[in-house]
Every structure is written in C-alpha cells, then in structure tokens.
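Please keep the sequence and the structure in view while going through it.

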Amino acid sequence: MPYDHKNIEQKWQKAWEEAGLFRAEMDPTRKKFYALDMFPYPSGDGLHVGHPESYTATDILAHKRRMEGFNVMRPVGFDAFGLPAENYAIKKGIHPRETTYHNIENFRRQMRSFGFCYDWSREVITCDPAYYRWTQWLFLFLYKRGLAFRRTAPVNWCDSCQTVLANEQVEDGKCERCKNMVRQKELKQWFFGVTQFADRLLADLDGLDWPEKIKTMQRHWIGRSEGAEIAFRGQQLTDTETPADDGLATEVSSREFEIAVFTTRPDTLFGVQWVVLAPEHPLVMELVTPDRRKEVVAYVEAARHKSELERTGTELEKTGVSLGVCVKNPLTGEDVPIWIADYVLANYGTGAVMGVPAHDERDYAFAKKYGFPIKTAIVPPVGALAAPVDAAYTESGILMNSGEFNGLMNEDAMVKITDALEAKNRGRRQVQYHLRDWLISRQRYWGAPIPIIYCEHCGEVPVPEEDLPVLLPDDVDFRPTGESPLVRSESFHKVECPRCHEPARRESDTMDTFVDSSWYFLRYASPHQGDRAFDSHAVNYWCPVDLYVGGAEHAVLHLLYARFFTKALFDAGMLPFDEPFLKLRNQGLILGENGVKMSKSLGNVVNPDDVVERHGADTMRLYEMFMGEFSDAKPWDTKGIIGVRRFLDRLWAQVHDRVHANFDGETPEELTSHLHRTIRKVSSDIEEFKFNTAIAAMMILLNEWQRLGGGDRVFVEAFLRLLAPFAPHLAEDLWQTVGNSRSIFLTEWPAYDEALAAVKNVEIVVQVGGKVRDRLTVPTEIGEEDVKAQALALEKVQQALVGKEIAQVIVVKGRLVNVVVK
C-alpha cells in the first residue's frame, strides 16, 4: 500500500482537532511547558518557506515535552495591525479589516495543513476589539504610572508612508517598508519611558538562555556609557540702547550661561578645542551673534531635512558653523568656541559634545577641515608604538599638557579629573545610554487608537476604563496626508470630556504595532478573559514562556519592548516574573536555489502550498529541519526534498512489511544497540536544536534496520515515537497500523539504556598503501597493539604485503588501520 500523504494528513489533522488533542488546560499537578512562535503578520502573500521552519522546530520541542509528561501550551495568533494592510486599502479601496481577515483565513488554512500542534482555541488577533481593548488598557496602565507621556521631539518622518518611524524602523537612512529616505520633523508625540528600565534591561540579559549575538545586539542598542557630565560656562554680552541727554546710550550687559557636555573621556579635557551643540539645542538661537545668525539659521533648517543616519553616518563628511561665542574650559580657564554641527543629536545625551581633535578621529577630521589647533593631551606609554603623525591617537597612554595631571595614566586621570570637576562644582560622574524612550505615535488608521481625550478646560484626559475599547471608525479617508486618517472622522471625534462633560476631541494617533506584540504572550494564558487583560492565576501557571522561536530581525524592537512591558507589570505586582522569554532560538533564512534571498522579482520563491500538495507536510517539515544548522542561512534544494520523501516512503514500506510479517523474528542485538544510540542522540539533538543531525541519525537507523532485518514490535514502536515530533501524520498512522488505538502523542518519549547504547563491537577498515584490503570487527575496548596484530594477520592483508616492506602502521581508533609501505 503506497504512502498517500494527502489522505493521511487530512485524516489525522481532523482526528486531532475533533479529539482536542492539543488543547491546553491548567493542571497544577503537572509541570508546564509554554512553547511559542513569534506570531505572523498576515500578509497577502501567505506563508513563506521561512514560517514553517521556525514553527516546525517549536512543534518538535512541544511534542517531545508532551511525551515526557509536561503539560504543554502552544497557542497561535496573528499580529494583524500594520501599515501594509492600510497601504493596500489606499491602493485598492478595500477596508483594511476586510483584507486582513481574508489573509488570516488563508494563513489558518496553510498553518493547519502542516499539522502543527497548536491550541487554536487560544487564538488571538491583535486587530480584534476584544484584544486591542486591553492594549489600550495597558497604555492607560503605563500612563498612570508616568511611563506614557507626550512631548515635542524630532522624529523620523517618511514622506511616502506619511508617518513617524521608530529609530529601529530606519535602515540606512531609509524607511524599512517603502525604502524612501527618512527626514527629521518636529512633532508632538506619545512615548513610553523605556529608558527608566535601561539598567535592568541590560543587567538581566545575563541570565537569559538566548543566542549570544542577540544579547550583544540588545547590549549595543541600550548602549550604557560611563563618564562625566562637564559644565562649560560662558558670558553672553548684550548691547542695550537707552535714552540719554545727547540721544541714545549703549549699555553692555552680560549673563552667564552653561552648557552641559557628557563625555566618556574626561581625561582628554585639556585637549578640548571647541564645544558643539546640536542644531536643535535650545541655546543656539539665544547665543548666536547677529553677524552669524543668517548662516546659523540656514544650517539649522538644512539639518531638519536630514535623517538621523545621514547626520551621524561615519562615512559622511562632518560640517558645522560657529555661533561666534565662547565658553571657558572648566579646568584651564581657556576660551573654547561654540559651534553647531548636525552630527550632534538633541535627543541623545545633553545635545552637546566637546571636540578633542588629538584623540578622536571624527574631531581630527573636523579640525583639519576648519583649521582648529590640535593639542595633544595623551601620549603612548614607554615601550608602546609611537602616536600616529597624521591621525588622532585614541589608545591608552600618559597625560601631557594637562597641568597637575601630567604623567598619570589616562585611566587614573579619568578618576582624578572627575574628582577635580566635582570639587569645583563643574562636573559630576554620569551614566548615559544610547537607548531612547519608545516613540509609539503613528499617524495612520490601522492600529489601536490611543485612549486619550483633549479638553479645552481639563486638558489631557485618559479615557475611562469602562469606555474601552475606543473603536476604530469606518467613516475615514485612507489617503495619506501627514495626519492620521482618524483626524477626518467626525464620528470618532465627537466626544464629551469624561470630567467636565463639555465637548472634547479624541487623540487621532494610533499606537505602534509593536505595542500589540509586547504583551500578546500574556493574553494567550486566558485569551477569552472579558474583564481584564489576563487572568493572574493562568499567567502565574503558564508564564513565563519556556521556549520562544522566531527571526533574529526582532532582536531589538520586539524583544526589548516585550521585556519593558513585563518589567513594568512586575513592578506593579501584576506579574511574579520580570522576563518574558526564558529561552530564545532564531531560525536562519531559507534562500532560493541560487543561494540568494527569495524574491518575486527573481522568480525564485517557493510556495509552501505547492510543496505540501506534491510531497506532503511531513516531508516539508523534515526537509526544512534537515537542510542544515537551524540558525544558519541555507539554500532550498528540490533534490534534497525528494530524498527526504524517499526516506519516508522506505520507512512506510518497512513498517508495513513487519506488520504483514506479524513481527516474525527477533530484533538483532546490533540493531537494538543502534536503536538505543539513536534514541540518545535524537533526544540530545532536539534539545540543542540540532534537528539535521537528529534526522540523519534516524535515516541511518532505517538503513541498519533494512540491512540487518528483523525488528519486533517494541523496536518499531520506539522508532515511531522517536519520529513522531518530526513527521506527526506518518508516525500517527503507522502507530495505528502497528495496532495501537491511543494517540502516539499520549505515549511516553522513548528511553534508552546506556549499556545497550554502548558500541560493543566496531568494524575497522584495513588499508594497505591507501587501498582498502579488508575489514575487521573488534571489541570497542580493544587496544591499539591488538588491533594492529589482528589487521596484519588478515589473509588479504598478507597477500597485499608480499614483496613489500612495512614502513608504518597507523591506527585511527574505532575506524581505520592503514599499513604504510616503503
């Protein structure tokens, strides 16, 4: 009987669904295992081949845990808000809700076709009002705790998408979605106070079982820097004309001002040649002299039209203009000119930096361009390489030209110079972060509305919890204008103030879609809870997530924000844990057969539907796990998937042969030993995400089975239980064929006997002069001299040595004896 994957897969998917086999229920008597995939955005293209790669890996672990006795929860849902659906609505005139739910239905069909052990009863969809009601509630939760606030700030603006982008959504100065250049724009925006958790977000990475490269990316993004904040003070002179007996008299007055500069190198303070302000710094227009104003205004305006990356990119030439005023170096008293330059950002640090051209490469280039002097403050220590002649010296060294600090190593000088600044009240020790508060405002329609009302009398008023959700209206125009489409909805804005009951207006911005995905893992614990975001008992039982699998592209955005939400809820006593995902694994990209990224324009896209239709879901699951290391990028190979299908066909036939033979005969001792070694290896490989070598081990076991023959029912059932997490449909069907009525997934994971798994005998290849002459079976514990003696005693070896002289006998333990002749 041939292996008919279509009927078998449909049969068991229906049976599992009807039996509720993968439904999760709380059971305090059992240890839980919460396995979660990063939920997909339901695009119009449907699943791509990268989706089932990560889903299959999670599936394998979830099945293994279930068979090990764990109470497994594996929920599923859709990250359904987002710009693509809205852009499609603009293009086609179809409401985003309609296209999104149409796409979700297609995704459901595709995901079900793989037989993943999802608990579909826990499905969440982020654009469902029943879900985003609680997204809005969480906004209010953060608002009440001072973690959600509104302020004017320069933002990344995409003219094409007509919306604000987070820093992480700008790639190489371009919008990650439409690839248009991004520019800076001043807007009043809503933020979440992620920076208040910077220290904990950084420190707690150490205890997570995450790929080191992901933790490194988060550390770099948080960007903790220790240094000093230094106060550079100056006097601004102002001419004032006052009436006098002979006309007008000019009075010169002055006022003191202070510029705070953060630096990680206070040891270079004696080499400072200028101080630079960001063009947006509030002191710029106050300090600029009349003769410099026109040039400065033009420079500030030009900076507004540049993206952050354009301003800070290391490969771009730095520019600046002088304000015409100076500050004093706090330790030397020397005048230091003030400039503005667009490589300094107002929203990073203090918005001001000091220029030390002798010890900073960027400052060195700036000094050369504008003719600043270059004063050396640090020289290499004795015995080190000399400082470069035409470049900045940026290594450790000894201070010079630094007054009382001359002769100190720069590490010691950092401490002593900071002490001196603190003693003079001109500086203090400071820690700064690259991390910035999370800008969540989006001027688009298809997102969760921000639950704030603006009243002329009461100001900013949060929507009462009993009035949630604030629903998206239908009377909107989706054309992008730079304002949210909600601005033009009359029904949405006709609202009275909850406090004074006078006419008021709703906030028209929606939330960044990353807000939706920052807490969805909590909702899965009680997805139908109507009176709260999540049930505390359910969350306390199921959470945190034990295994989280998804793409490395979410290393900064999603993972950082989910950690922020978790810590904020933990601090409020709403969660007993402060990290959401205990173990994280990332799948590698699946490339086209030509080794490049799959793309419609290149015509190398593989449709999962076609593969499942032709070869079967189990074949595709196995193939994607067999392609190579899980975390590595790997090219699709149609020949490879055919080879995997042949493996399943052979196994199907082999099991049916044994059933038809009524399991006649015993299992050879060698095959039993090989089975136990395979169980040991597959069990270990699954835990280490080495699925390719686990599958290879099962393929070798099948080869040995066919070579040695036999195989009783115990052997066959153990093999099937081992295969079940990888190829669930075929394993379940063969399990029934063998004579079982209970699902294979309700049985125990096969155990191995260490003694039986030990290799008792091993076959040694014997070569003479590099050519194979014979084979020798010996005990694994045999000594090297005994192996040599037995190999040289073989008749075929002796015949090959006639007339030759032995130069050397090389033994590779457990594998090879090579007799080298002269």
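**Notes on cavities, sheets and local geometry**

1. The largest cavity has a volume of about 110 Å³. The model under review is a predicted one. A search of the whole structure finds four cavities of 30 Å³ or more. As a general point, empty space left between atoms is shown by rolling over them a probe the size of a water molecule.

2. Which residues lie closest to the centre of the largest cavity? They are Gly82, Leu83, Arg442, Arg444 and Thr513, out of 14 lining residues. Two elements give two or more residues to this lining, namely helix 3 (83–92) and strand 25 (510–511). By class, the lining of the largest cavity consists of three nonpolar, six polar and five charged residues.

3. Elements that give two or more residues to the lining are strand 7 (170–171), helix 7 (212–222), strand 11 (247–263), helix 10 (308–312), strand 15 (352–355) and helix 11 (361–370). Helix 11 provides the largest share, with six residues. The lining of the second largest pocket divides into 19 nonpolar, 16 polar and 14 charged residues.

4. The bridge partner of Tyr548 in strand 27 is Leu584.

5. Another open sheet of four strands has the order 6-5-9-19, and its pairing is antiparallel. The edge strands here are strand 6 (163–165) and strand 19 (438–439), and each pairs on one side only. Strand 5 (residues 148–158) pairs with strand 6 in the antiparallel sense over three bridges. As an example of the pairing, Asn156 has Leu165 as its bridge partner in strand 6.

6. Helix 18 (residues 608–615) and helix 19 (residues 617–626) pack at an angle of about 120°, and their axes are 7 Å apart. Helix 18 contributes Pro608, Val611, Val612 and His615 to the contact, while helix 19 contributes Ala617, Thr619 and Met620. These contact residues divide into five nonpolar, two polar and no charged.

7. Aromatic pairs form a further topic. The count comes to 52 aromatic pairs when ring centres must lie within 6.5 Å. One of them is the pair of Phe192 and Phe565, with 6.0 Å from centre to centre and 70° between the planes. Why does this pair tie together parts that are 373 residues apart in sequence? Phe192 lies in strand 9 (residues 182–192) and Phe565 in helix 17 (residues 557–571), so the pair ties these parts together. The pair is edge-to-face because the planes are over 60 degrees apart.

8. In general, most peptide bonds are trans, and most residues other than glycine have a negative phi. A cis peptide bond joins Leu468 and Pro469, with omega about 0°. Pro469 lies in the loop between strand 22 (459–462) and helix 13 (490–493). The peptide bond from Cys543 to Pro544 is cis, and its omega is near 5°. Pro544 belongs to the loop between helix 16 (536–542) and strand 26. Lys179, a residue other than glycine, has a positive phi near 70°. Lys179 is placed in the loop between strand 8 (174–175) and strand 9.

Definitions and conventions
Residues are numbered from 1 along each chain as its sequence is written. This is a predicted model: local features need pLDDT of at least 70, side-chain atom pairs count only at pLDDT 80 or more; totals for chains, interfaces and linings use all residues. Side-chain values use heavy atoms; hydrogens and water are left out. Two strands pair if DSSP finds at least two bridges between them. Ala, Val, Leu, Ile, Met, Phe, Trp, Tyr, Cys and Pro count as nonpolar, Asp, Glu, Lys and Arg as charged, and the others, Gly among them, as polar. Axes are lines fitted to C-alpha atoms, for helices over the stretch in contact, and angles run from 0 to 180 degrees between N-to-C directions. Contact means heavy atoms within 4.5 Å. On a 1 Å grid over the protein atoms alone, a cavity is a set of points where a 1.4 Å probe fits but cannot get out, and a pocket is an open set with protein on both sides within 12 Å along at least five of seven lines; lining residues have an atom within 4 Å of a point. Grid points are joined across faces, edges and corners, and a volume is the space filled by probe spheres set on the points. Rings of Phe, Tyr and Trp (its six-membered ring) pair if their centres lie within 6.5 Å; planes under 30 degrees apart count as stacked, over 60 as edge-to-face and the rest as tilted.
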